[in-house]
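I opened this entry to look up the ligand site and the pocket around it.

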Amino acid sequence: MKLFVDTADLNDIETIAGWGVLDGVTTNPTLLSKVEGEPDDIYRRVCELVNGPVSAEVVAEARAEMVEEGRRLAAIHPNIVVKLPMSAEGLAATATLAEDDVRVNMTLVFTAPQALLASSAGAAFVSPFLGRYDDIGENGVERLREIVESLETSLHDTEVLAASIRNPVHVTEAARMGADIATIPPKVFYQMLQHPLTAKGIDTFTQDFEARRARGAEA
Ligand code: E4P
């Protein structure tokens with residue numbers, strides 16, 4: 001499973017990209033509202049930091065305007081993927097953009113039927129949201145499983161991009177059930193890095209090596 005980061009924060013993107021683990025980036029209007037700067041400048045900088053798909057979301061609501069905004073975003077950099085919301089207008093805009101070879105990430109997907117529609121319209125990626133299901137007391141991981149299974153036999157080449165990830169368990173479960181990608185908030189990336197036994201093990205190895213060196217100095 002490929003790992004994307006779900007943020008518009010350039011410092012976090014640069015840090016996590018520096019680990020050599022990033023295959024792409026997703027943003028959305030809420031994430032952009034949390035950082036300074038013009039969205040187009042942020043997209044350009046993200047594309048310099050990460051060599052992979054970078055999702056930029058449209059805010060238009062009607063298909064013609066979605067297509068226009070999507071074409072404008074796609075022209076910013078070859079790695080830009082146009083993010084469109086799941087809706088009849090979004091599907092129609094996806095079909096038009098896909099005909100022009102503009103890649104679309106269909107977002108706010110919650111069910112397998114929605115994912116099948118997005119795939120048939122030509123979406124390159126569908127983004128099922130896990131955490132927002134959990135927020136309303138439902139099992140987001142199980143809904144993701146249905147979507148992955150439903151698209152397995154799809155004739156279209158659509159990647160499942162597990163989104164709205166809230167913790168490392170979501171990442172593990174997405175990988176186990178065969179999602180193609182997980183887009184992960186920076187906070188969860190930092191959690192994934194750590195385990196108390198790893199930290200303890202590093203301390204022990206360092207202390208043992210230093211003790212050995214001290215014995216050598218005495219001899
Ligand atoms: C997907 O691409 C979205 O940006 C994101 O994963 C939404 O997550 P949230 O439910 O934490 O806002």
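My notes on the ligand, its contacts and the pocket follow.

**Basis.** I am working from a predicted model, where local features need pLDDT of at least 70, side-chain atom pairs count only at pLDDT 80 or more, and totals for chains, interfaces and linings use all residues. Residues are numbered from 1 along each chain as its sequence is written, and side-chain values use heavy atoms, with hydrogens and water left out.

**Polar contacts.** I looked for pairs of N or O atoms within 3.5 Å. A polar side-chain atom of Lys83 lies 2.7 Å from a ligand oxygen. For Arg132, a side-chain N or O atom is 2.7 Å from an oxygen atom of the ligand. Ser164 also has a side-chain N or O atom 2.7 Å from a ligand oxygen. The ligand taken alone exposes 340 Å², and the protein buries 86% of that (Shrake-Rupley, 1.4 Å probe).

I find the ligand in the largest pocket, with more than half of its atoms within 2 Å of the grid points. A pocket is an open set of points on a 1 Å grid over the protein atoms alone, where a 1.4 Å probe fits, with protein on both sides within 12 Å along at least five of seven lines; lining residues have an atom within 4 Å of a point. I noted a volume of about 390 Å³ for the largest pocket. It is lined by 23 residues, of which Asp6, Leu31, Ser164, Arg166 and Pro185 are the closest to its centre. H10 gives the most to this lining, with three residues.

Conventions: Polar contact = N/O pair within 3.5 Å; in protein donor to acceptor, adjacent residues only side chain to side chain. Points joined across faces, edges and corners; volume = space filled by probe spheres on them. Helix = DSSP H or I, 4+ residues; strand = E, 2+ residues; numbered from the N terminus.
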